[in-house]
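Please keep the sequence and the structure in view while reading.

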Amino acid sequence: MAFARKDLSRIGGSGYGATVWMHTSAEAYAVVGADDYFKPAITEMAKGDCVWVVDTSTPTVYITYVDAHSASSITTATGDAVTA
């Protein structure tokens, strides 16, 4: 399954600080955390932005951030899992 903009929500951030995003998907984190997965939102996201990835199939939350960002590529860092 490909990235769907409707699954990405801005949940915080203003001014010069980083933005916090939440992405919800039933896809495995290995898919969501892959390079350029968030490319359709590249004009909205910035280096240093925090991303909470909610895997609804497990359920698990991964906390990551935008590690690299350019006009043509976006990469997130390896996420840390938060489980019950």
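Is E44 buried, partly exposed or exposed? E44 is partly exposed, because its relative accessible area is 36%; buried means under 20%, exposed over 50%, and partly exposed in between, with a 1.4 Å probe and protein chains only.

This is a predicted model, in which local features need pLDDT of at least 70 and side-chain atom pairs count only at pLDDT 80 or more, while totals for chains, interfaces and linings use all residues. Residues are numbered from 1 along each chain as its sequence is written, and side-chain values use heavy atoms, with hydrogens and water left out.

**Salt bridges**

A salt bridge here is a side-chain nitrogen of Lys or Arg within 4 Å of a carboxyl oxygen of Asp or Glu. Side chains of opposite charge can pair when their charged atoms come close. Searching the whole structure gives 2 salt bridges.

| Pair | N to O distance |
|---|---|
| R5 and E44 | 2.6 Å |
| K6 and D7 | 3.1 Å |

R5 and E44 link distant parts of the chain, being 39 residues apart. R5 is in the segment before β1 (8-12), and E44 is in the loop between α1 (29-32) and β3. Helices (H or I, at least four residues) and strands (E, at least two) are DSSP runs, numbered from the N terminus. R5 is partly exposed at a relative accessible area of 35%. K6, from the other pair, has 71% relative accessibility and therefore counts as exposed.

T75 belongs to strand β5, which covers residues 74-76. Its relative accessibility is 16%, so T75 counts as buried. Contact means heavy atoms within 4.5 Å. With neighbours within four places in sequence left aside, T75 is in contact with D35, Y65, V66, D67 and A68.

T78 sits in the loop between β5 and β6 (80-82). T78 is exposed, because its relative accessible area is 74%. Beyond its neighbours within four places in sequence, T78 is in contact with Y29 and T64. From T78 to T58 the C-alpha to C-alpha distance is 18 Å, and the two are 20 residues apart in sequence.

**A nonpolar patch**

I11, W52, I63 and V82 make a nonpolar surface patch of about 330 Å². Patches are made of residues with over 30% relative accessible area and no salt bridge; like charges are joined within 9 Å, and nonpolar side chains (Val, Leu, Ile, Met, Phe, Trp, Tyr) within 5 Å. Accessible areas come from the Shrake-Rupley method with a 1.4 Å probe; for residues, only the protein chains shown count as cover. W52 lies in strand β3 (residues 50-55), and W52 is partly exposed, with a relative accessible area of 33%.
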